[in-house]
Amino acid sequence: MSYYLTTQQNINNWIKGMATENPVYFPIKHGHASYKFAKLEADSEVQFEQYTPTLLPPVKVLIPAREELLSFKKDSEGNTEINSSIDDSFRVLAGVRPCDLKGIHLIDLFFKDGVPDAYYLSRRENTAIIGWACTSPCNSQAFCAAVDSLQHTEGADIFITRLKHGDLLVEVLTNLGEQMAAGTDWQPCEDGPAIKVGSVASMPEEFGRSFPVPVQEIFKKVSQKSKSPVWAKHVERCFSCGTCNLVCPTCYCFDVSDDVNLDVVSGNRTRTWDGCMLPHFAAVGGGHNFRPDPAARQRHRVKRKFEYLPGKYSQGAVCVGCGRCGRQCTADIDIFDIITDLIHEGEL
């Protein structure tokens, strides 16, 4: 690991320079107030300050909404040729905040577990990540500090922190990061760790929303609330649209379909995003649905974030506190409110 000091303009020029050689995805303004991770173009603005969380997290660049897995074609002799559609092209994700870094880190674990997902892992292995530290809450609905995401840097190749006097502290965390930093005019910084500690100490003591108990206690409370009326309370106005799943940095479920072309000898296999809040998600052959009730689907979703996956992977909460699900929910249902109600349930 090495540390450097540089200016905002140098970083902006460096990022735009990389975009002339490889696709660089950066939070770019979309509409009047929203941001999305999109490819930098020659006329794109590179700025880090006027930032609100993107509608979709950057991990979705690595998990397309619809992805071809393979194509197949049968020849005149009846033999079938199958070609994998693995993407091994190189890309850069820049301006990734700590909560989204943790989301990518968790998805890495999930897709490496069991039978490794070659499609995701190929994209991930060919992706460089430039992280950007949050020194103030990015949005009123964020609760990243409450779920231990605020200081997450694992998964980044380079991580940048703005210092109080305006300069930027650059941490080079991997060999790929060293290659990316080669040739820059950044100034080496021997006391980088101490400088970073100082910048963290200057952050607001109350960083975003907070739960009334530490996150480790939440896991136990959620595990004891399977029959809680809170589940039904928070789906009274739910449309079961699945938006909360689709914008979540740690949701990764998908459906697979095989499609045959009109020539009846060729076609492809694709996968598309799916979500546990959708009514059909737990339906199986024969017409049975294991979770036909929205409250059961909400319980499953929350327990995945705060019980099942934390217990399996020992990585803390699998909700990163970005607040996207609450912001994007048409009915204003917020996982933070659900957890808070579960914590308070039964208290006088």
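The following questions and answers set computed values of this predicted model against the definitions behind them.

This is a predicted model in which local features need pLDDT of at least 70 and side-chain atom pairs count only at pLDDT 80 or more, while totals for chains, interfaces and linings use all residues. Residues are numbered from 1 along each chain as its sequence is written, and side-chain values use heavy atoms, with hydrogens and water left out.

Q: Why is α6 called roughly perpendicular to α9?
A: The axes of helix α6 (residues 215-223) and helix α9 (residues 294-313) cross at roughly 100 degrees and come within 9 Å. Axes are lines fitted to C-alpha atoms, for helices over the stretch in contact, and angles run from 0 to 180 degrees between N-to-C directions. Angles under 35 degrees count as roughly parallel, over 145 as roughly antiparallel, 65 to 115 as roughly perpendicular and the rest as oblique. The α6 and α9 pair is therefore roughly perpendicular.

Q: Which residues of α6 and α9 meet?
A: Ile218, Phe219, Val222 and Ser223 of α6 meet Lys303, Phe306, Glu307 and Pro310 of α9, where contact means heavy atoms within 4.5 Å. This set divides into five nonpolar, one polar and two charged residues. Here Ala, Val, Leu, Ile, Met, Phe, Trp, Tyr, Cys and Pro count as nonpolar, Asp, Glu, Lys and Arg as charged, and the others, Gly among them, as polar.

Q: What makes α9 and α11 roughly perpendicular to each other?
A: Helix α11 (residues 335-344) packs with α9 at an angle of about 85 degrees, the axes being 11 Å apart. The two helices are therefore classed as roughly perpendicular. In this contact, Gln298, Arg301, Val302, Lys305 and Phe306 in α9 meet Ile335, Ile338 and Ile339 in α11.

Q: Why do β5 and β11 stand at the edges of their sheet?
A: The open sheet of four strands has the order β5-β4-β12-β11, with antiparallel pairing. Two strands pair if DSSP finds at least two bridges between them. β5 (80-84) and β11 (254-260) each have a single partner strand, so one side of each is left without a neighbour in the sheet.

Q: How many bridges join β4 to β12?
A: Seven bridges join β4 (residues 66-74) to β12 (residues 266-273), and these strands run antiparallel. Glutamate 68 stands opposite threonine 270 in β12.

Q: Why does one side of β3 and of β10 lack a neighbour in the sheet?
A: Eight strands form an open sheet of mixed pairing, ordered β3-β2-β6-β7-β8-β9-β1-β10. β3 (34-39) and β10 (187-188) are the edge strands, each with a single partner, so one side of each has no neighbour there.

Q: Which residues touch the most other members of the largest nonpolar core?
A: Ile107, Phe110 and Tyr120 do so, in a core of 32 residues. The largest share, seven residues, comes from α2. Such a core is a set of buried Ala, Val, Leu, Ile, Met, Phe, Trp, Tyr and Cys residues joined through side-chain atoms within 4.5 Å.

Q: Why does phenylalanine 281 count as partly exposed?
A: Buried means under 20% relative accessible area, exposed over 50%, and partly exposed in between (1.4 Å probe, protein chains only). Phenylalanine 281 has 23% relative accessibility and therefore counts as partly exposed. Phenylalanine 281 is found in the loop between β12 and α9.
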